[in-house]
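The following paragraphs lead the reader through one protein model, from its overall pattern to individual residues. Please keep the sequence and the structure in view while reading.

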Amino acid sequence: MISNSLIPIPLQELVQSQTMTGQALQSALDHYGPTVRIDGLLEITCVSRSAAYVLMKTDSSFPKGVPLYDGEHSPKFYWTHEALAWIEARSNKFRNQQMSD
């Protein structure tokens, strides 16, 4: 289990939020940790690599990578809680569309 002192403040707030269950988030954090590389992001979001790159350009809510160091070709990491929040937002959007149809 990850200590609360290692979890960023926004993540602690997400754990306590009403929209995402703390149990689901804690389970993901236990498995992946607070950050993931691109392969972890693809596994969490269940999208292909090419689809993820399209989403990064077209969907402003899709998780944005944070460079590990300054440089044009720096590898990026992604926050696990942002990936889970994106999935939840997509799910809510889909459910709302179904209700209005």
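Read along the sequence, the protein chain follows the pattern α-α-β-α-α-β-β-α. This comes to 5 helices and 3 strands, where helices (H or I, at least four residues) and strands (E, at least two) are DSSP runs, numbered from the N terminus. The model is predicted: local features need pLDDT of at least 70, side-chain atom pairs count only at pLDDT 80 or more, and totals for chains, interfaces and linings use all residues. Residues are numbered from 1 along each chain as its sequence is written, and side-chain values use heavy atoms, with hydrogens and water left out.

Of the 101 residues of the protein chain, 32% count as buried; buried means under 20% relative accessible area, exposed over 50%, and partly exposed in between (1.4 Å probe, protein chains only). Among the contacts with a separation of 6 or more, 48% are between residues 24 or more positions apart, contact meaning heavy atoms within 4.5 Å.

The strands form an open sheet of 3 strands in the order S1-S3-S2, with antiparallel pairing. Strand S1 (35-36) and strand S2 (66-67) stand at the edges, each with a single partner strand, so one side of each is left without a neighbour in the sheet. Two strands pair if DSSP finds at least two bridges between them. S1 and strand S3 (residues 76-79) run antiparallel and are joined by 2 bridges. Within this part of the sheet, Val 36 stands opposite Tyr 78 in S3.

Arg 37 counts as partly exposed, because its relative accessibility is 48%. Leaving aside neighbours within four places in sequence, Arg 37 is in contact with Pro 75, Lys 76 and Tyr 78. The C-alpha atoms of Arg 37 and Val 66 are 9.8 Å apart in space, although the two residues are 29 residues apart in sequence.

Helix H5 (residues 80-100) lies across S1 and S3, running at about 60° to S3. Such axes are lines fitted to C-alpha atoms, for helices over the stretch in contact, and the angles run from 0 to 180 degrees between N-to-C directions.

How do two packed helices come to be described? The angle between their axes and the distance between the axes are used. H3 and H5 pack at an angle of about 30°, with their axes 10 Å apart. H3 is therefore roughly parallel to H5, since angles under 35 degrees count as roughly parallel, over 145 as roughly antiparallel, 65 to 115 as roughly perpendicular and the rest as oblique. In this contact, Leu 41, Ile 44 and Thr 45 in H3 meet Thr 80, Ala 83, Leu 84, Trp 86 and Ile 87 in H5.

Not counting residues up to four places away in sequence, Ala 83 touches Leu 41, Ile 44, Thr 45 and Pro 63. The C-alpha atoms of Ala 83 and Lys 64 are separated by 9.2 Å, the residues being 19 residues apart along the chain.

Is Cys 46 buried or exposed? Cys 46 is exposed, with a relative accessible area of 67%, and its place is in the loop between helix H3 (38-45) and helix H4 (49-58). Phi of Cys 46 is near 60°, a positive value in a residue other than glycine. Most residues other than glycine have a negative phi.
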